[in-house]
Amino acid sequence: MQEKQLNELSDEELLKKWKDTKTPYLFVMATMIVSVIFTFIRMFISDFEFSMLAVPVFVGIIAFSITNNYKAVEAEMKARNLNLKK
């Protein structure tokens, strides 16, 4: 089954997609912040190693894709004048 485009979804389907997208978005952003802070603390305690930058970079790539999806859903909801607080 192919996924519908955002403009083809009904209001109820769009609200459900927004709720399903919001949780991973918040989780990945929090993980990104914590991993960057932890990496910099670890780099100051021990010698600087480029391998320590792998986790924040990997999480950053995931965050970028989730952020784009979240913002697309949010923009469609604003275009339809749907309440984002539900």
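Leaving out neighbours within four places in sequence, Ser 35 is in contact with Val 55 and Pro 56, where contact means heavy atoms within 4.5 Å. The model is a predicted one, in which local features need pLDDT of at least 70 and side-chain atom pairs count only at pLDDT 80 or more, while totals for chains, interfaces and linings use all residues. Residues are numbered from 1 along each chain as its sequence is written, and side-chain values use heavy atoms, with hydrogens and water left out.

Ser 35 is placed in helix α1. Its relative accessibility is 8%, so Ser 35 counts as buried; buried means under 20% relative accessible area, exposed over 50%, and partly exposed in between, with a 1.4 Å probe and protein chains only. Pro 56, one of the contacts of Ser 35, lies in helix α2 and is also buried, with a relative accessible area of 10%. With residues up to four places away in sequence set aside, Pro 56 is in contact with Met 32, Ser 35, Val 36 and Thr 39. Pro 56 and Val 34 are 22 residues apart along the chain, and their C-alpha atoms are separated by 9.0 Å.

The protein has 2 helices and 0 strands; helices (H or I, at least four residues) and strands (E, at least two) are DSSP runs, numbered from the N terminus. Helix α1 spans residues 11-45 and helix α2 residues 54-79, and their axes come within 8 Å and cross at roughly 150°. This angle makes α1 roughly antiparallel to α2, given that angles under 35 degrees count as roughly parallel, over 145 as roughly antiparallel, 65 to 115 as roughly perpendicular and the rest as oblique. Axes are lines fitted to C-alpha atoms, for helices over the stretch in contact, and angles run from 0 to 180 degrees between N-to-C directions. The contact of α1 with α2 has 18 nonpolar, 7 polar and 4 charged residues. In this classification Ala, Val, Leu, Ile, Met, Phe, Trp, Tyr, Cys and Pro are nonpolar, Asp, Glu, Lys and Arg are charged, and the others, Gly among them, are polar.

The largest nonpolar core has 10 residues in all: Leu 6, Leu 9, Leu 14, Leu 15, Trp 18, Tyr 25, Tyr 70, Val 73, Met 77 and Leu 82. Such a core is a set of buried Ala, Val, Leu, Ile, Met, Phe, Trp, Tyr and Cys residues joined through side-chain atoms within 4.5 Å. Helices α1 and α2 each supply at least two residues of this core, and the largest share, 4 residues, comes from α1.

Tyr 70, one of the core residues, is in helix α2 and counts as buried at 9% relative accessibility. Apart from residues up to four places away in sequence, Tyr 70 touches Trp 18, Thr 21, Lys 22 and Tyr 25. Tyr 70 and Thr 21 are 49 residues apart in sequence and 5.9 Å apart in space, C-alpha to C-alpha.
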